[in-house]
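My entries follow the structure.

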Number of protein chains: 2
Amino acid sequence: MNESFMPIFFDTNAIRHFTEKVFERIGVPEDHAKIAADVLIEADLRGFDSHGVARLFPCYKRIKNGLIETNPQIKIEWLTPATGHCDGKNGLGMVVSYYAMRACLARAQESGTAFLTVNRSNHFGIAGYYSSMALPFSMIGIAMSNASPRVVPTGGTTGILGTNPISLAIPRRGEPAFLLDMSTSAVSSGKLDVAVRKGAEIPQGWVYPSVKPFLDSEGVVPMSVLQYPLGGPQKTGGYKGYGLALMVDILSGVMSGANFGSKLAASKKTDTEANIGHFFGAIKIGGFRKPEAFHGDLESLVQDVKSSPLEPGIEEIFIPGEPEALNKQKYGQRGIPVLPPVLTKLQMMAVELTLPFPA
Amino acid sequence: MNESFMPIFFDTNAIRHFTEKVFERIGVPEDHAKIAADVLIEADLRGFDSHGVARLFPCYKRIKNGLIETNPQIKIEWLTPATGHCDGKNGLGMVVSYYAMRACLARAQESGTAFLTVNRSNHFGIAGYYSSMALPFSMIGIAMSNASPRVVPTGGTTGILGTNPISLAIPRRGEPAFLLDMSTSAVSSGKLDVAVRKGAEIPQGWVYPSVKPFLDSEGVVPMSVLQYPLGGPQKTGGYKGYGLALMVDILSGVMSGANFGSKLAASKKTDTEANIGHFFGAIKIGGFRKPEAFHGDLESLVQDVKSSPLEPGIEEIFIPGEPEALNKQKYGQRGIPVLPPVLTKLQMMAVELTLPFPA
């Protein structure tokens with residue numbers, strides 16, 4: 001491990017408070033600042049550190065440059081009993097997405113399901129935050145987003161699609177929820193960063209073509225390093241990951257009126273609105289089957305999967321969401337890991353805003 | 001290519017007529033026989049020959065053994081305006097699924113979306129048949145199914161999950177539709193069969209562990225050859241394919257009251273109902289955005305993807321559904337390819353039922 005990328009641990013509440021204050025100082029209303037900070041901190045707690053407080057500085061910079069609206073009048077319009085559209089009014093992705101998902105949950109109480117496409121949004125952090133919002137309501141939550149282009153379509157040689165994440169959260173009885181939160185690329189950008197920082201061998205099928213990925217001064221692999229879709233090259237099934245990535249872009253981008261494909265390079269430009277698109281949905285379990293029967297069978301499926309004899313070196317077969325629940329337990333006690341380049345940015349904002357930085 | 005597995009081409013209409021007659025002779029009502037035959041023939045036309053008339057004999061055998069109900073009184077119950085449940089009453093998977101999807105389409109006209117879980121069904125052929133039913137209605141169609149266990153959960157060593165397919169069909173303007181129709185395993189069983197028949201090298205990450213897959217007397221790779229989920233082993237992203245396969249089993253099996261996980265071995269047993277589960281949905285495009293605007297942007301995204309400079313040896317970047325549309329054109333003219341072991345079974349049924357077999 002390169003020492004300049006060894007994380008330093010910070011008290012979760014202190015970092016959360018600092019994050020809220022940064023948002024407030026640059027014009028974000030208090031309730032919105034709390035939501036945005038919660039999404040970022042939750043990402044760190046679950047172990048998605050590339051989507052946690054590491055995202056605060058990019059938000060800060062875009063707000064300072066007038067590229068994100070700090071107090072958007074988000075507009076939600078239902079076109080049918082169960083479907084509609086949300087104009088994010090160029091607000092923070094975390095805030096727009098929170099309100100869109102909340103609207104889906106309310107609407108699904110009546111209709112059984114509800115879906116919203118969202119345009120004029122910004123980077124929303126982790127998809128799994130919004131899908132998880134469905135869990136207390138005995139609903140299945142769905143969240144997708146398109147993202148800036150760095151994934152090669154099968155047969156092509158340039159980054160046209162984003163890592164376009166899909167998340168699906170399904171409640172479990174007294175257990176961490178089933179929480180699928182995956183990029184449709186072979187590997188998420190965050191996991192790629194971690195592997196390069198550790199100097200680990202990069203598996204075939206992660207980056208396109210077989211270049212050696214490197215880190216920029218922020219300790220992340222730059223967008224110029226292209227990625228394969230899930231499945232890697234064509235022969236190992238990459239056309240399926242490509243199909244999923246394209247599906248996410250159609251649902252989130254095309255069906256919302258947001259940017260899509262290469263146009264999403266806008267989200268990295270310093271002179272134009274990102275216009276990222278999302279797709280959210282909620283589905284009531286009781287709209288299909290009695291929840292008690294559902295939960296009994298779900299735990300029986302979980303036991304079935306976990307009963308498979310283990311591969312050498314494996315300690316447990318995890319259900320999606322379980323590794324993140326373990327991270328949350330660990331980081332909740334130990335504090336949140338922050339990389340030195342991210343820490344530098346946090347301190348820079350503290351100075352610029354004359355905010356005390358948590359020791 | 002092993003010569004005993006070289007296909008023989010048959011006139012599509014003749015095979016279709018024969019397939020309908022076989023179903024009718026063993027007690028399937030005429031309208032149901034037409035539906036079931038259409039699903040199988042469509043699979044062959046699209047190039048999914050493992051799911052085409054090759055599936056007629058297994059259906060025939062199960063019906064003859066009293067394991068499938070030939071005239072099921074399928075029961076659909078809507079529990080909310082947009083969600084409900086279908087009891088397939090152990091009918092043919094193709095027939096049950098056709099009626100379930102038709103009910104979703106009618107319901108989505110009013111609600112914007114509609115979803116049904118289905119239990120007590122049987123092998124439904126290709127998922128893409130049902131998702132495609134949404135296309136003429138300017139809707140997005142969704143179809144999933146669980147299947148008999150042969151996919152290893154990440155970290156495990158036995159087949160617990162099926163190849164659990166996901167299909168999503170999205171209309172395109174004057175073009176073949178966007179039609180994702182993929183197993184959540186690294187490779188579909190059908191593609192694996194074809195590769196083994198050709199004697200092609202099997203890519204790492206297709207079968208688990210690295211055994212050499214072989215063919216049984218029917219020219220297919222037996223269920224005892226286990227498969228990796230999409231993404232292959234853990235390090236190349238297999239945990240994502242495993243997560244998707246588990247998601248399909250929860251939505252199709254657990255949420256419908258069907259069998260799930262290892263219990264689906266029932267679908268291959270000769271003394272018990274299969275109780276396979278499906279999940280169907282329809283989403284109205286106009287419920288989110290004006291269809292004209294949607295279609296304009298969709299074609300612009302397609303052009304964007306196709307504009308990526310090609311990898312050496314690649315002639316075109318395909319949108320999901322395009323390769324199958326080309327197959328349909330080709331086989332529509334040339335006829336449907338039938339493998340010798342499948343042909344033997346068709347001839348056997350012709351003799352048993354005293355039906356003329358198409359020359």
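I looked up A:Arg46 and found it in helix H2 of chain A, residues 30–46 (helices are DSSP runs of H or I, at least four residues, and strands runs of E, at least two, numbered from the N terminus). The model is predicted: local features need pLDDT of at least 70 and side-chain atom pairs 80 or more, while totals for chains, interfaces and linings use all residues. Residues are numbered from 1 along each chain as its sequence is written, chains are lettered from A and ligands numbered from 1 in written order, and side-chain values use heavy atoms, without hydrogens and water.

A:Arg46 is buried at 10% relative accessible area (buried is under 20%, exposed over 50%, partly exposed in between, with a 1.4 Å probe and protein chains only). I noted side-chain polar contacts to A:Glu42 at 2.8 Å and to A:Ser132 at 3.3 Å (N or O pairs within 3.5 Å, one able to donate a hydrogen and the other to accept it; residues adjacent in sequence count only if both atoms are side-chain atoms). Leaving out residues up to four places away in sequence, A:Arg46 touches, among others, A:Tyr129, A:Leu179 and A:Glu324 (heavy atoms within 4.5 Å).

Next I checked A:Asn259, in the loop between helix H7 (238–254) and strand S10 (276–284) of chain A. A:Asn259 is buried, at 15%. A polar atom of its side chain lies 3.1 Å from the backbone oxygen of A:Ala274.

Last, I took helix H7 of chain B: 17 residues, spanning 22 Å between its end C-alphas, close to the expected 24 Å (1.5 Å times one less than the number of residues). Of the 17 residues of H7(B), 16 are buried, so the helix is largely enclosed by the rest of the structure.
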